[in-house]
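Here are a few exercises to work through with the model open beside you. Try each task before reading its solution.

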Amino acid sequence: MSAMFLLELAKNAVGNDTGLLGLGALPDSGQIHHEYWRLLTAGFLHYDLTHIVLNTLFLLLVGPVVERRAGTAWLLLIFLSGSVASCIGMLVKHLIWPSQGVSLGASGGLFALLGAGLVLVFRLPSQTRMVRIRLMVVLVVGLTYSVLPGISMIGHIVGLVIGIAIALSLPLHTALPAVAEARALSSR
């Protein structure tokens, strides 16, 4: 994410819809003209410094929870799946209700991580209460933020649902770090 933001700065695209479209944002007109790669690239772009700072904070609060419980490979799969799915959701919305501007950002993938993290901390018995509370606070704050103008509620909800679905489909033995921790605690 940071590398792309540096590219945005170098290309003078920060806060510039035309520049961001040139880097791979989704047009809010819903017309991507078979440029399906935008469904991936839009998730790595950020509108401005506030946008990337908020997403970075979100990642720092949620990412380690998922990584410890499911591993790095699953974290990446959940993030990318949520990001692409949320871009598809935003594209469908804009095909139905086109507008001006662009859609972009890692929020869909981050909400996917949040959904997965919530499932994992409630599914695995060894989780601390503070981690559960932290994730619930992130959920409430994130959804509250989602109702603000210019924020894509559809992208956030789609990401959340994708993360929940993936985490529910994970066999418990896949979450090896957390299962091993639970077994170690129960054998003491």
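Helices (H or I, at least four residues) and strands (E, at least two) are DSSP runs, numbered from the N terminus. The model is predicted, so to speak of local features pLDDT of at least 70 is needed, side-chain atom pairs count only at pLDDT 80 or more, and totals for chains, interfaces and linings use all residues. Residues are numbered from 1 along each chain as its sequence is written, and side-chain values use heavy atoms, with hydrogens and water left out.

**Exercise 1.** Find which elements each supply at least two residues of the lining of the largest pocket.

*Solution.* Start with the term: on a 1 Å grid over the protein atoms alone, a pocket is an open set of points with protein on both sides within 12 Å along at least five of seven lines, and lining residues have an atom within 4 Å of a point. The elements are α4, α5, β2 (102–103), α6, α7 (129–146) and α8. Of the 37 lining residues, His51, Ser107, Tyr145, Ile151 and His156 are the closest to the centre of the pocket. Finally, sort the lining by type, with Ala, Val, Leu, Ile, Met, Phe, Trp, Tyr, Cys and Pro as nonpolar, Asp, Glu, Lys and Arg as charged, and the others, Gly among them, as polar. The lining then divides into 17 nonpolar, 16 polar and 4 charged residues.

**Exercise 2.** Describe how α4 and α6 cross.

*Solution.* Take lines fitted to C-alpha atoms over the stretch in contact as the axes, with angles from 0 to 180 degrees between N-to-C directions. For α4 (residues 49–70) and α6 (residues 107–123), these axes come within 9 Å and cross at roughly 35°. Now list the contact (heavy atoms within 4.5 Å): among its residues are His51, Phe58 and Val62 of α4, and Ser107, Leu110 and Phe111 of α6. By type, the residues of this contact divide into 13 nonpolar, 4 polar and 1 charged.

**Exercise 3.** Is Gly43 buried or exposed?

*Solution.* First place the residue: Gly43 is in the loop between α3 (38–41) and α4. Then apply the cut-offs, buried being under 20% relative accessible area, exposed over 50% and partly exposed in between (1.4 Å probe, protein chains only). Gly43 is buried because its relative accessible area is 0%. Last, check the surroundings: Gly43 touches Ser83, Cys87, Gly105 and Ala106, leaving aside residues up to four places away in sequence. The C-alpha atoms of Gly43 and Val84 are separated by 7.2 Å, although the two residues are 41 residues apart along the chain.

Notes. 1 Å grid on protein atoms, 1.4 Å probe; cavity = no way out; pocket = protein on both sides within 12 Å on 5 of 7 lines; lining within 4 Å.
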